[in-house]
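Please read it alongside the sequence and the structure shown below.

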Amino acid sequence: MMADLIAWLLVIAIAAYACAGGTDYGAGFWDLFAGGAERGKRPRWLIDHAMAPVWEVNNVWLIFILIIMWTGFPAMFQAVFEAMWLPLALAAVGQLLRGAGFALRKPTRRIAQRRVYGAAFAISSLLTPFFLGAVLGGIASGRVAVGTPASADAWANPTSVLAGLLAVAATALLGAVFLSSDARRFGAHDLVDYFRLRAWIAFAAVVVIALAALPITRNDARYVWDGLTSGLGLLMAILAGVCGLATVLFLGRRLHGWSRYSAVATVGLAVLAWGFAQRPYLLPTSLTVSQAAGAAHSLRWLGIVTLIAVVLVVPALVLVYRLDTKGRLEPLTDSDTSSAGLPGDNL
């Protein structure tokens with residue numbers, strides 16, 4: 001029972017990271033496609049101000065995922081990182097470049113350097129969720145097992161590619177929905193409809209990719225397909241679709257607060273659908289939860305530490321998100337970062 005509980009905590013942590021971190025990735029996606037320096041000035045201004053208070057906080061969920069994996073399920077951790085070290089390494093590099101690009105772009109005054117930092121932030125925001133989605137697709141398709149050697153087939157296969165594209169589209173949806181609400185909060189009324197349109201486009205992309213994934217999943221990831229078309233997996237998938245349609249409706253009626261909740265529910269329920277579809281396996285169809293579980297005393301201590309984290313850390317994270325959406329947290333200004341001008345700044 002403890003192993004099953006820890007496994008579901010892992011799924012919940014993945015869902016939380018997909019929603020929280022996914023929103024930031026989505027903002028970076030729209031930063032990439034905002035246009036040139038003049039055309040993209042206003043959208044990028046909003047992205048900088050909206051992300052600044054919480055972008056580092058969202059990575060806490062990724063830390064939870066890694067700790068639960070290597071402590072609770074070391075066999076799974078070894079198998080995944082051994083077979084898919086390349087996409088995971090590329091995702092980690094993307095995380096570093098993305099954070100560095102975002103952190104350094106604002107205080108930098110040299111236009112050429114701002115472009116370099118902005119490109120690093122935006123491109124990494126697209127590639128990182130793609131590689132993470134590709135890893136999940138490789139796991140779902142059953143290409144990863146204990147002892148599986150590293151190979152391109154583990155993550156560069158039809159299921160992985162579509163999962164990566166779906167991850168990018170889902171983050172774009174989250175980013176656009178939240179930015180549309182943030183535009184109103186920051187008084188950038190010209191950007192409300194700008195990002196609302198992009199949210200609809202992203203939702204259409206999610207639907208197209210999901211429909212394209214149906215026959216491929218059926219042929220390439222049969223076990224997960226069976227789980228998604230029956231029982232609780234099917235129920236979660238249907239609820240995710242309903243929440244997605246509700247997001248479109250809320251955006252149309254300019255109910256921005258509700259659209260945020262429904263967009264998060266769409267992505268979170270989709271992750272839960274995958275979790276229900278894959279059970280009792282962590283690596284279909286070779287490694288079950290009980291087979292992958294670590295030592296009993298390790299699971300007990302992990303459960304205790306996780307409980308403490310839930311009591312102490314999660315409420316603090318919820319409070320930070322709440323304060324941010326209410327506009328109580330303000331990003332650092334240029335004077336705060338001591339970004340003094342330098343000769344040639346405008347070059």
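The model under discussion is a predicted one.

**Overall fold**

- The protein contains 13 helices and two strands.
- Its radius of gyration is 20 Å, close to the 20 Å given by the globule rule for 347 residues, so the protein is as compact as a globular protein of that length.
- Along the principal axes, the C-alpha atoms fill a box of roughly 60 × 40 × 40 Å.
- Of the 347 residues, 47% are buried.
- Among contacts with a separation of 6 or more, 80% are accounted for by residues 24 or more positions apart.

**Charge**

- The protein carries 26 positive and 18 negative side chains, and the centres of the two sets lie 6 Å apart.
- Side chains of opposite charge can pair when their charged atoms come close.
- The structure holds 10 salt bridges.

**The Arg 42 and Asp 190 pair**

- A salt bridge joins the side chains of Arg 42 and Asp 190, with an N to O distance of 2.7 Å.
- Arg 42 belongs to helix α2 (residues 41-51), while Asp 190 lies in the loop between α7 (158-185) and α8 (192-220), so this pair ties together parts that are 148 residues apart in sequence.
- Arg 42 is partly exposed, at 36% relative accessibility, and Asp 190 is also partly exposed, with a relative accessible area of 46%.

**Salt bridges of Asp 193**

- Asp 193 forms a salt bridge with Arg 196, in which the closest N and O atoms are 3.2 Å apart.
- These two residues, Asp 193 and Arg 196, are three residues apart in helix α8, so about one helical turn separates them.
- Asp 193 is partly exposed, with a relative accessible area of 36%, whereas Arg 196 counts as buried at 10% relative accessibility.
- The side chain of Asp 193 also meets that of Arg 254 in a salt bridge (2.8 Å, N to O).
- This second pair links distant parts of the chain, 61 residues apart: Asp 193 is in helix α8, and Arg 254 is in the loop between α10 (231-252) and α11 (256-278).
- Arg 254 is partly exposed, with a relative accessible area of 39%.

**A salt-bridge network**

- A network of salt bridges links Asp 31, Arg 44, Asp 48 and Arg 105.

Definitions and conventions. Residues are numbered from 1 along each chain as its sequence is written. This is a predicted model: local features need pLDDT of at least 70, side-chain atom pairs count only at pLDDT 80 or more; totals for chains, interfaces and linings use all residues. Side-chain values use heavy atoms; hydrogens and water are left out. Helices (H or I, at least four residues) and strands (E, at least two) are DSSP runs, numbered from the N terminus. The radius of gyration is taken over C-alpha atoms; the globule rule is 2.2 Å times the number of residues to the power 0.38. Buried means under 20% relative accessible area, exposed over 50%, partly exposed in between (1.4 Å probe, protein chains only). Contact means heavy atoms within 4.5 Å. Lys and Arg count as positive and Asp and Glu as negative; His and the chain ends are not counted. The place of a charge is taken as NZ of Lys, CZ of Arg, CG of Asp or CD of Glu. A salt bridge is a side-chain nitrogen of Lys or Arg within 4 Å of a carboxyl oxygen of Asp or Glu.
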